[in-house]
Amino acid sequence: MSGRKVAVVLFNLGGPDGPRSVEPFLFNLFNDPAIIGLPDFIRPHLARFISRRRAPGARGNYALMGGGSPLLPETRKQADALQALLTTALPGDEVRCFIAMRYWKPLTEETAARVADFGPDEILLLPLYPQFSTTTTGSSLKAWREAYKGPGRSRTVCCWPAGESFLAAHARLIEQAYEAAGRPAKARLLFSAHGLPEKVIKGGDPYQAQVEATAAAVAARLSGDWDWRVSYQSRVGPMKWIGPNTEDEIRAASKEGLPLVIVPIAFVSEHIETLVELDIEYAEVAKHEGCPAYIRVPALGVDSLFIAGLAGVATQALRREGLDSDGSYRCAGFGNCPRAA
């Protein structure tokens, strides 16, 4: 079938576009019931308190990147590249990619109105989170369902943690970064993902299992015999988080005298967790601990293999009904996998 109007909606977290938007961005984040599961009459008050308290430090970190997050411009590049590939792959159809950010502009409600104005026949909901979590993809899809009132038949991709092109793109970038660093001997490969409170995982969220499946599959595609591990970063607050912690793993490798190759395995774009946390804060830890080499592999960005993989996921999903993964991974025993509902 051709002649369709196809809207591809790309979901991501969003980030403040300047110093003034840091505090409202943080409020939106902490006021999300998927992040803080308190009743509605309490959560906004706590979110306001946390956002005011954390805003000054966060502004300092965003200042290191020019004052705002690069996530939206990076996502626009991905959307443009994906739209170009899909326009070629679906001749006769009018394909348009939209961006819906969860916590800052363009927010889901704004994008939902733009998609409705487009008047699509088909809508594909495609998260830019490779691994599913209730705190990311789940939250974005819920916001979309509440916001969208327009026409079109919807299909949803819930996750794509082990897609062949996605894995190959990671493997290629790792090999390139390692080669550029002079291939230091006995290096340890550290796949670093954003962490979550442990209770989220124990509640049936498949995120950690999917992250570890991605890492294992990428490592299997590398040449040579790598010493690799998975770790989790960005821990905040008093709750117990999943581990091991990335900073602890950097210290451990440094004490063993091992060069480190660190890969952002759950982030597809450069943003504060890569450009500040990995490149500045953790790099300083590695230097202080005497790590022989600290090599940071770039996020996927508009890597050609990655974008081609996304296009493949999209065209495959447009041929089926409802919600599903890309077929590269099947969750087992996770109550909060959306396909378990």
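Buried residues, those under 20% relative accessible area with a 1.4 Å probe and protein chains only, make up 55% of the 341 residues in the protein. The model is predicted: local features need pLDDT of at least 70, side-chain atom pairs count only at pLDDT 80 or more, and totals for chains, interfaces and linings use all residues. Residues are numbered from 1 along each chain as its sequence is written, and side-chain values use heavy atoms, with hydrogens and water left out.

**Exercise 1. Determine whether the radius of gyration agrees with that of a compact globule.**

Solution. The radius is taken over C-alpha atoms, and the globule rule is 2.2 Å times the number of residues to the power 0.38. For 341 residues the rule gives a value near 20 Å. The protein has 20 Å, so the two agree. Along the principal axes, the C-alpha atoms fill a box of roughly 60 × 50 × 40 Å.

**Exercise 2. Describe how helix α5 (residues 134-147) is covered.**

Solution. Of the 14 residues in α5, 10 are buried. Among them are T135, L141 and W144. Contact means heavy atoms within 4.5 Å. The buried residues of α5 pack against β1 (5-12), α4 (108-118), β3 (122-127), β4 (153-157), α7 (198-202) and β9 (322-324).

**Exercise 3. Characterise the surroundings of H271.**

Solution. First, locate the residue: H271 lies in the loop between β7 (260-264) and α10 (272-288). Third, list its partners: leaving aside neighbours within four places in sequence, H271 is in contact with M65, S69, P70, L71 and V276. Finally, consider polar contacts, which are pairs of N or O atoms within 3.5 Å; within protein, one must be able to donate a hydrogen and the other to accept it, and residues adjacent in sequence count only if both atoms are side-chain atoms. The side chain of H271 makes such a contact with the side chain of E273, at 3.0 Å.

Definitions and conventions: Helix = DSSP H or I, 4+ residues; strand = E, 2+ residues; numbered from the N terminus. Buried < 20%, exposed > 50% of the residue type's maximum accessible area, 1.4 Å probe, protein only.
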